[in-house]
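Welcome, and thanks for taking a look at this one. Please open the sequence and the 3D view side by side before reading on.

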Amino acid sequence: MPQFISLHHEDSAAVRRELAAGLCERPPRVSPKYLYDALGSRLFEAITELPEYTPTRAERSIVDTHLGDIAAAIGTGGTLVDLGAGNCAKAARLFDALQPRRYVAVDIAVDFLRDALLALEFRHPEVELVGLGMDFSAGLVLPTELGEGPFTVLYPGSSIGNFTPDEALAFLRSVRLACRGGGLLIGVDRVRDATSLQLAYDDPLQVTAAFNRNLLRRLNQLLGTDARLEDFRHLAVYDVQRSRIEMHLEALRDLTLSWPGGSCPMAAGERIHTENSCKYEPADFQALLEAAGFQDVQGWTDAQRSFSVFHARAAEG
Ligand SMILES: C[S@@+](CC[C@H](N)C(=O)[O-])C[C@H]1O[C@@H](n2cnc3c(N)ncnc32)[C@H](O)[C@@H]1O
């Protein structure tokens, strides 16, 4: 049975306060971390299978092609800390090359993570598995139970794009400290043409729409809102200036979202901002890594130049 450290409790007053505060902002917003319960995590897995959503396949092809260089940069026998591990599939693909002694899977979606680790234990009994249920959105601080570094932190899937560039810099600084002298392997979506980005976040099968609208169910569960799914539609908008896709939930009629202790009136057409996915040119992301205190940055891209993978060493101090 993998060890499991639970630092996140979604039925807490802090979660309810954060959600209520976000809904009371103008425009209202909800952090994308709430998209992921067990159903949201499965819907995300389905998104990665869609022909329109290319980042997962692009990242895999880069890692497969450059596995030798990646393994040489990381070395073998260490501790891998996987941020937003989800189904743990991306890290598991690295196990043969990196032969980690220990794998620490970190995710806010605690139940989904537990199941993923149990499945992994059968396939990799040689690796010590640790689950860490936590919310790292305010910065990565790993618990002391994990012991001394160095740690190799994996942050795949361009999840760094959920932060604005300023937030990403602050987050990467916290990751640099958390590496305790190790390094970071990170996947980042590149700036691409608006049409393919738009389709990736608004697919004809409407899986991404279901993923986004599941957030209304989450609000009802976590905060006790009375949102009706049929009152909102999914919207994905590409902001060219900021090189980012934004996901929103748009009210289809005038309504009031109510919850114990609060309410949020919304006019038809008003939106709840649910996710940013910032895209980066490789040189800009390398500069961000260096500003956060990483060194010896190596980057790789795919044949379509749609995605980047970087390895960087965490400078000491
Ligand atoms: C886009 S999915 C990526 C899953 C997988 N790593 C991949 O690349 O396919 C983002 C993952 O990060 C987790 N996550 C999102 N925000 C988080 C947060 N603030 N703290 C911890 N985990 C988070 C989600 O639950 C989800 O599993």
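Here is a short briefing on the ligand site and the nonpolar cores. Please keep in mind that this is a predicted model. The ligand is surrounded by 17 residues, and the largest nonpolar core has 38 residues.

**Around the ligand**

- Gly84, Lys90, Asp107, Met134 and Asp135 are the closest of the residues that surround the ligand.
- By residue class, the shell around the ligand holds 8 nonpolar, 5 polar and 4 charged residues.

- Lys90 places a polar side-chain atom 2.7 Å from an oxygen atom of the ligand.
- Asp135 also uses its side chain, with a polar atom 2.9 Å from a nitrogen atom of the ligand.
- Ile108 takes part through its backbone: an N or O atom there lies 3.1 Å from a nitrogen atom of the ligand.
- On its own the ligand has 590 Å² of accessible area, and the protein covers 91% of that.

**Nonpolar cores**

- In soluble globular proteins, nonpolar side chains tend to be buried together.
- Within the largest core, the residues with the most contacts are Leu83, Ile160, Leu172, Phe285 and Phe294.
- Helix H8, spanning residues 165–178, contributes the most to this core, with 6 residues.

Methods: Residues numbered from 1 in each chain as written. Predicted model: local features only at pLDDT ≥ 70, side-chain atom pairs only at ≥ 80, totals over all residues. Heavy atoms only, no water. Near = heavy atom within 4 Å. Polar contact = N/O pair within 3.5 Å; in protein donor to acceptor, adjacent residues only side chain to side chain. Areas by Shrake-Rupley, 256 points an atom, 1.4 Å probe, with all protein chains shown as cover. Nonpolar A, V, L, I, M, F, W, Y, C, P; charged D, E, K, R; others polar. Core = buried A, V, L, I, M, F, W, Y, C linked by side-chain atoms within 4.5 Å. Buried < 20%, exposed > 50% of the residue type's maximum accessible area, 1.4 Å probe, protein only. Helix = DSSP H or I, 4+ residues; strand = E, 2+ residues; numbered from the N terminus.
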